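I am opening a notebook on a structure that is new to me, and I will write down what I look up as I go along.

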Amino acid sequence: MRTYLLCLALLLAPLLPAQASPPQPQNGDLLFVTAATTGLSGAINDATGKPGAVSYDHVALIARQSGGAVVLHADDKGSREQTLDSFLDDARAKHRHVVLYRLKGEKRAAIPAAIATARTLLGKPYNDTYVQDEDSYYCSDFIERAFRAQQVFATQPMNFRNLQTGEVSPYWVEFYRSRGMDVPQGAPGTNPNDMSAAPVLERIGEME
């Protein structure tokens, strides 16, 4: 009986749907992290999310090297290098998903120079005002600057208005008041949601 069941399993195996393996990151790929619905992440989603689309609040750059893949990015710990496994573990701990995107066609030629530029930005503090300067960076700002010489991504007027109501949310008013600033509505900047929608990128799939 055992032999019969084993033979049946072997016969049926080719008919079963194959389990999709997670995408393998390549040099220069971008990792987008899904947003939460509250706090800073929720405020970013309210102002930049697209109706019916997955919303992101963080983006990072993959750099492959002899020891494996590392992630270059700017978060609340500053502009830094992190192992891919550690980056994914951090996302899982926050119950977030990480989605892999890849540059298309001729834009891939920009990758080596962009990674070299990104490495020169490491060690700078995090820019928690999102107003661009030369001494601190936030996540999508870090990526735009890495690719800036090749003009892969563009800055655009920043929006802090809730896309449903058209009003600047109380979160942003208080956020900037605590920093002694007006809300920088319309100042040049970037955000992960608009970056993920750039026509130079294609969505590859979700990482495990």
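Are the residues of strand 5 mostly buried or exposed? I looked this up with the caution that the model is a predicted one, and I found strand 5 mostly covered, with 6 of its 6 residues buried.

Entry on the two sides of strand 5. I noted that V98, L100 and R102 point one way from the strand, while V99, Y101 and L103 point the other way, and that all are buried.

Entry on the neighbours of strand 5. I found strand 1 paired with strand 5 in the antiparallel sense over 4 bridges, and the bridge partner of L30 in strand 5 is Y101. I then turned to strand 8, which runs antiparallel to strand 5 and is joined to it by 5 bridges; there the bridge partner of Y101 is R203.

I traced 6 strands forming an open sheet in the order 4-3-2-1-5-8, with antiparallel pairing. Its edge strands are strand 4 (78-83) and strand 8 (201-206), each of which pairs on one side only. The twist from one strand to the next averages 30 degrees. Further along the sheet I looked at strand 2 (residues 56-65) and strand 3 (residues 68-75), which run antiparallel and are joined by 5 bridges; Q65 stands opposite G68 in strand 3.

Entry on the helices against the sheet. I saw that helix 3 (residues 84-93) lies across strand 1, strand 2, strand 3, strand 4 and strand 5, and runs at about 105 degrees to strand 4. Helix 4 (residues 111-121) also packs on the sheet, where it touches strand 2, strand 3, strand 4 and strand 5, and its direction makes about 110 degrees with that of strand 2.

Entry on helix 4 and helix 5. How do the axes of helix 4 and helix 5 cross, and at roughly what angle? I read that they come within 8 Å and cross at roughly 130 degrees, which means that helix 4 is oblique to helix 5. The crossing is right-handed. On the helix 4 side I listed A114, T117, A118 and L121, which meet F142, R145 and A146 in helix 5. The residues of this contact divide into 5 nonpolar, 1 polar and 1 charged.

Entry on the protein as a whole. I noted 7 helices and 8 strands, and buried residues make up 44% of the 208 residues. Among contacts between residues at least 6 apart in sequence, 71% join residues at least 24 apart.

Terms used. Residues numbered from 1 in each chain as written. Predicted model: local features only at pLDDT ≥ 70, side-chain atom pairs only at ≥ 80, totals over all residues. Heavy atoms only, no water. Pairing = 2+ DSSP bridges. Axes fitted to C-alpha atoms, helices over the stretch in contact; angles between N-to-C directions. Contact = heavy atoms within 4.5 Å. Parallel < 35°, antiparallel > 145°, perpendicular 65-115°, else oblique. Left-handed = near helix turned anticlockwise from the far one by under 90°. Nonpolar A, V, L, I, M, F, W, Y, C, P; charged D, E, K, R; others polar. Buried < 20%, exposed > 50% of the residue type's maximum accessible area, 1.4 Å probe, protein only.
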